[in-house]
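I opened my notebook to go through this structure one step at a time.

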Amino acid sequence: MSTVAAGDHHDHPESPYSIKRWLFTTNHKDIGTLYLWFAFIMFLIGGVMALVIRTELFQPGLQFVDPQFFNSMTTMHAIMMIFGVVMPAFTGLANWLIPMMIGAPDMALPRMNNWSFWILPFAFAMMLSTLFMDGGGPAGGWTLYPPLTLQTGDALPFVILSMHFMGLSSIMGAINVVATVLNMRAPGMTLMKMPLFVWTWLITAYLLIAVMPVLAGGITMLLTDKYFGTSFFNAAGGGDPVMFQHIFWFFGHPEVYILILPSFGVVSSIIPTFARKPLFGYASMVYATGAIAFLSFIVWAHHMFTVGMPLAGELFFMFATMLIAVPTGVKIFNWIATMWRGAMTFETPMLFALGFIVMFSIGGFSGLMLALAPVDFQYHDTYFVVAHFHYVLVPGSIFAIIAAVYYWLPKWCGNMYSEGLGKTHFWLSTIFVNLTFFPMHFVGLAGMPRRIPDYALQFSDYNMMATIGAFGFGLSQLLFLVLVIKAIRSGNKATSQVWEDAEGLEWTLPSPAPYHSFSTPPAIK
Amino acid sequence: MSEKTSKTTRGAAKLALAAVFMFSFGYLLVPLYDVFCDLTGLRFTDEEAVALTPQELQEDSSRLVTIQFDVSMNQGMSWQVKPEMREMKVHPGRVYTTFYSARNKTVDEMVGQAVPSVAPIAANKYLVKTECFCFDNQTIAAGETVNMPLSFMLNPRLPPNVNLVTLSYTFFDITKNVSTANQLDSALAYK
């Protein structure tokens with residue numbers, strides 16, 4: 001333990017290069033950095049899995065991997081990307097930014113913060129180790145539907161335990177965010193003065209606390225069904241496999257908003273800076289976020305239109321789902337109104353934020369198509385669904401995370417990144433991401449099913465395009481890695497405001513942000 | 001401990017409690033979905049019989065409905081099960097009895113459970129089973145064949161457009177589940 005007396009602060013961590021610094025750190029900036037690097041490593045691992053899938057699908061027929069392994073790649077790719085990339089990356093951003101944005105010296109519960117990060121490497125090591133077990137890794141899809149998932153070999157209990165750990169980590173992270181936002185704001189920082197990133201994360205944190213435990217309950221039922229003779233989902237014992245789908249999607253639908261709400265916050269920070277105008281409709285943004293969070297709890301069965309549901313149920317879930325387009329539309333139009341007649345410039349963070357708005361909207365519209373119960377019978381479990389959720393997650397969540405890194409990187413490391421490399425990264429990513437996922441709409445509408453390693457010959461050309469796009473997108477991300485490392489090591493010194501018109505408490509701190517900031521609360525105008 | 005820290009700790013404890021509550025809520029969802037379906041009538045497969053009035057127990061000899069019997073084995077189930085009759089023509093309001101014969105071809109005693117399903121869905125709640133092998137586990141010794149009775153009646157309120165009803169059973173092998181449960185029972189009894 002450090003022997004620093006209260007009020008006597010170091011501007012640097014003690015022994016900055018030792019492993020102990022990172023293992024025992026309770027500093028929100030250190031933990032934010034750990035989360036972000038962890039997410040990037042998982043992004044590469046999950047990305048390699050995606051490339052295995054795309055390699056097999058480059059041509060029709062079975063070429064490279066056996067179907068069981070293919071299925072475990074689709075399953076693992078999803079688990080890695082959802083629980084290992086998007087969620088930790090957002091938690092990392094929250095750790096770095098929330099205390100600086102609300103004028104707090106650190107997160108409210110720093111010890112728990114350390115713990116919630118360090119659970120993750122163990123959870124994911126366990127998850128990845130299942131690929132080497134008898135019977136292979138989980139291959140029944142990330143949704144873990146029984147009875148298929150119960151046919152997993154020795155891997156099942158390890159998969160479930162590691163998902164429990166991931167859930168535990170994100171619940172602790174969420175509790176920390178709520179405790180920080182509610183208790184640590186600088187005097188004068190009222191709730192309705194908070195930056196939208198803080199607002200969206202506060203609401204996300206409540207969603208996490210509400211639904212991650214439900215997932216934990218559902219997968220525990222799977223575990224007891226398989227090993228302890230219970231029959232929650234076993235028809236022979238009076239259970240019902242469809243019950244799992246209801247429980248899973250009660251978690252799963254709020255989960256998709258957990259994966260997107262913080263990106264709304266990121267984009268709402270970036271657009272005003274580069275349009276040089278304050279955010280249009282701040283209050284309506286806050287209420288729209290709340291409305292989306294509420295609606296996310298009453299739409300879960302739109303994932304299950306085809307499993308059998310009374311007409312009244314299909315209608316209810318269809319209309320409730322379409323209702324989500326209203327608050328989401330409020331957000332999109334507010335961003336456009338913010339840019340209206342603004343003095344816009346197009347630095348890399350702005351490019352990624354604009355890419356987000358355009359391509360997330362494409363994903364939103366295909367989501368509206370999927371919300372229509374009668375046509376969902378055609379789209380269900382086809383590549384159309386794959387195209388839809390990759391549009392909202394890759395050029396949606398991932399682009400927002402990348403935009404956030406570009407936007408705040410100068411504040412974190414004190415150096416500007418190379419704008420030329422950044423713009424190259426944006427254009428390569430945008431071209432390849434569309435080459436990858438846009439053709440999937442067409443093959444999906446034509447009937448290509450998802451999660452199958454082979455396909456009918458007529459889908460060959462589009463699949464070949466998607467594979468080329470996927471390799472291009474994957475390789476472009478290495479450029480991002482090079483760029484970030486270069487910015488950490490060298491580059492033009494950033495000013496404290498970094499961007500000409502950036503507003504917010506974090507821009508009042510010097511760049512790089514000192515190890516301890518806002519030990520005395522700042523004055524809020 | 002300063003006032004602010006204790007307020008933070010209390011807040012965090014409440015949130016942790018909320019997480020624990022939501023974990024139990026996940027389990028609570030299992031019965032809640034049933035309650036919800038009962039309250040709203042949003043039930044897709046309704047196993048409950050419609051209560052019969054004495055008048056309805058009158059045989060409707062003017063109407064003949066065809067009922068088909070079907071059976072299938074779940075994956076891994078190796079019994080040979082056959083309905084005694086593939087189909088019957090029945091009058092609503094009268095109780096009929098038929099049999100399914102099941103043969104356990106294996107060399108081990110096995111326990112099976114039949115799960116019924118009725119098509120079309122509209123007919124589901126009008127098919128009343130007064131006796132059924134699906135009400136209990138069926139234990140069959142190695143190589144043995146048993147005849148299992150099924151007594152049923154169609155409620156005369158069966159919608160007039162339904163002239164063909166299919167009753168289909170799926171057999172599940174629950175030998176392992178039953179032996180696990182028995183072991184648990186005997187372990188508990190021993191204590």
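**Entry 1: the parts of chain B.** Before counting, I needed to know what counts: helices (H or I, at least four residues) and strands (E, at least two) are DSSP runs, numbered from the N terminus. I also noted that this is a predicted model. With that settled, I found two helices and nine strands in chain B. Reading along the sequence, I wrote the pattern down as α-β-β-β-β-β-β-β-β-β-α. I then checked burial, and 19% of the 191 residues in chain B are buried.

**Entry 2: the four-strand sheet.** In which order do the four strands of the open sheet in chain B stand? I read the order as β2-β4-β8-β6, with antiparallel pairing. β2 (80–83) and β6 (127–132) of chain B are at the edges with a single partner strand each, so one side of each has no neighbour in the sheet. From one strand to the next, the twist averages 25°. A reminder to myself: strands of a sheet pair through backbone hydrogen bonds, either parallel or antiparallel.

**Entry 3: the five-strand sheet.** I traced another open sheet in chain B, in the order β3-β1-β9-β5-β7, and its pairing is mixed. Here β3 (87–90) and β7 (138–140) of chain B take the edges, each with a single partner strand, so one side of each is left without a neighbour in the sheet. The twist in this sheet averages 30° from one strand to the next. β5(B) and β7(B) run antiparallel and are joined by three bridges, and I found Gly112(B) opposite Gln138(B) in β7(B).

**Entry 4: where the chains meet.** I saw that 26 residues of chain B are in contact with 29 residues of chain A. Which element of chain B gives the most to the side that touches chain A? It is α1(B), with 17 residues. The residues on that side of chain B divide into 18 nonpolar, six polar and two charged.

**Entry 5: a helix in chain A.** I tested the length of helix α16 (residues 460–489) of chain A. Its 30 residues should span 44 Å at 1.5 Å a residue, and its end C-alpha atoms are 45 Å apart, which agrees. Among its buried residues I listed Tyr462(A), Phe473(A), Phe480(A) and Leu483(A). The buried residues of α16(A) pack against α2 (28–56), α14 (383–413) and α15 (419–445) of chain A. After α16(A) comes Gly491(A), with a positive phi near 125°.

Entry 6: Most residues other than glycine have a negative phi, and most peptide bonds are trans. I therefore went looking for exceptions to that rule. The peptide bond from Pro146(A) to Pro147(A) is cis, with omega near 0°, and Pro147(A) lies in the loop between α4 (110–129) and α5 (155–183) of chain A. The bond from Ala119(B) to Pro120(B) is cis too, with omega near -10°.

Is Phe518(A) buried or exposed? Phe518(A) has 21 C-beta neighbours inside 10 Å, and 20 or more make a residue buried, so it counts as buried. Its phi is positive, near 50°. Arg276(A) also has a positive phi, near 55°, but Arg276(A) is partly exposed, with 15 other C-beta atoms within 10 Å.

Conventions. Residues are numbered from 1 along each chain as its sequence is written. Chains are lettered from A and ligands numbered from 1 in the order in which they are written. This is a predicted model: local features need pLDDT of at least 70, side-chain atom pairs count only at pLDDT 80 or more; totals for chains, interfaces and linings use all residues. Two residues are in contact if their C-beta atoms, placed from the backbone, lie within 7 Å. Ala, Val, Leu, Ile, Met, Phe, Trp, Tyr, Cys and Pro count as nonpolar, Asp, Glu, Lys and Arg as charged, and the others, Gly among them, as polar. A residue is buried if 20 or more other C-beta atoms lie within 10 Å of its own, exposed if 12 or fewer, and partly exposed in between; C-beta atoms are placed from the backbone. Two strands pair if DSSP finds at least two bridges between them. Axes are lines fitted to C-alpha atoms, for helices over the stretch in contact, and angles run from 0 to 180 degrees between N-to-C directions. The expected span of a helix is 1.5 Å times one less than its number of residues.
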